[in-house]
Amino acid sequence: MVARVIVVLCGIFTSGVVGTSVLVQDAPECPEPLGTQAYVHPESCNHFFLCTNGTLTVETCENGLLFDGKGAVHNHCNYNWAAHCGDRKADLTPISSPGCEYQFGIYPDSHECSTNYIKCAYGEPHPQSCEPGLVYDERIHGCNWADLLLETCNPEAVVGFKCPTKVPSGSPAARFWPYPRFAVPGDCHRLITCVNGHPRIIACGEGKVVDEKTLTCEEPENVPQCYNSLRK
């Protein structure tokens, strides 16, 4: 497959039908003599300049991707919906295949509430799963809390927990009211918090674990039951 790109020859823009990567003859030297650097093309969001150890080429983003220098999904290019092109022109013509609108993209696997989605690469659909407690949100092309998609999702069904309308005073959960927290049985890394009566699973991260007595995330050595299980 060929693509139409703009090539810089001695500082003058010319057009030609080329492959996805073409050496720019007699072009100005790369700003850096070593390493790899990518630069925005002044006219096209589908293309960019790439310097590899001082050699300058014009690169073409794969179908579904654009270049803005701020995100990299594949070969320095970002998803078209995430790239900011400004005044640069972008060709958004899709090259579709079964399950994939573009050769590279992220898509829902269902029109219903789903904890899975599809990531396309080179026109091949690859099933993906959200983290526990999250569902795919087409608005952000990623996973989100189910209570933010109440029109299609039931957070209680997704999380497997029903938030109580009140909790015993003095209990660990009451300390966080109106967003009470609850431990996830057998899970040292996540806990449940209720937001406007809907459950969300939140992860400790940063190597920390849940202390069921305080419902806070602590260092593993300060939570014996989790620390001992992690060492096994």
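Start with the cysteines: the structure holds nine disulfides, a disulfide being a pair of cysteine sulfur atoms within 2.5 Å. Before going further, note that this is a predicted model, in which local features need pLDDT of at least 70 and side-chain atom pairs count only at pLDDT 80 or more, while totals for chains, interfaces and linings use all residues. Residues are numbered from 1 along each chain as its sequence is written, and side-chain values use heavy atoms, with hydrogens and water left out.

**Stop 1: Cys61 and Cys77**

Select Cys61 and Cys77, which are joined by a disulfide with an S to S distance of 2.1 Å. Turn the view along the S-S bond and you'll find -80 degrees, a left-handed link. This pair ties together distant parts of the chain: Cys61 sits in the loop between β6 (55-60) and β7 (65-66), and Cys77 in the loop between β7 and β8 (78-79), 16 residues apart. For Cys61 the relative accessible area is 7%.

**Stop 2: Cys100 and Cys120**

Next, pick Cys100 and Cys120, another disulfide, with sulfur atoms 2.1 Å apart. The S-S torsion is -90 degrees, left-handed. Again distant parts of the chain are linked, with Cys100 in the loop between β8 and β9 (105-108) and Cys120 in strand β10, 20 residues apart. Cys100 counts as buried because its relative accessible area is 3%, and Cys120 is buried too, at 1%.

**Stop 3**

Strand β10 (residues 116-121) pairs with strand β11 (residues 124-129) in the antiparallel sense over six bridges; strands pair if DSSP finds at least two bridges between them. Which residue of β11 stands opposite Tyr117? Look across and you'll land on Gln128. Then move to the turn: the hairpin has two residues between its strands, and Tyr122 takes a positive phi near 55 degrees. If you show side chains as well, remember that in a regular strand they alternate between the two faces of the sheet.

**Stop 4: Cys113 and Cys153**

Now select Cys113 and Cys153, a disulfide with an S to S distance of 2.0 Å. The torsion about this S-S bond is about 105 degrees, so the disulfide is right-handed. Cys113 lies in the loop between β9 and β10 and Cys153 in the loop between β13 and α1, which puts the partners 40 residues apart. Colour by accessibility and the two ends part ways: Cys113 is partly exposed at 29%, whereas Cys153 is buried at 7%.

**Stop 5: salt bridges**

Switch to charged side chains. There are five salt bridges, counted where a side-chain nitrogen of Lys or Arg is within 4 Å of a carboxyl oxygen of Asp or Glu.

- Asp147 and Arg200 meet at 2.8 Å, N to O. The pair connects distant parts of the chain, from the loop between β13 (142-145) and α1 (155-159) to strand β16 (residues 198-203), 53 residues apart. Both Asp147 and Arg200 are buried.
- Lys162 and Glu156 form a bridge with their closest N and O atoms 3.4 Å apart. Lys162 is exposed at 59%, while Glu156 is partly exposed at 28%.
- Asp187 and Arg190 come to 3.3 Å at their closest N and O atoms. Arg190 is partly exposed, at 24%.

**Stop 6**

Finish with a surface view. The second largest pocket holds about 250 Å³ of space. Of its 15 lining residues, His111, Tyr136, Glu138, Leu149 and Thr152 are the closest to the centre. (On a 1 Å grid over the protein atoms alone, a pocket is an open set of points where a 1.4 Å probe fits, with protein on both sides within 12 Å along at least five of seven lines; lining residues have an atom within 4 Å of a point.)

Terms used:
Grid points are joined across faces, edges and corners, and a volume is the space filled by probe spheres set on the points. Helices (H or I, at least four residues) and strands (E, at least two) are DSSP runs, numbered from the N terminus. Buried means under 20% relative accessible area, exposed over 50%, partly exposed in between (1.4 Å probe, protein chains only).
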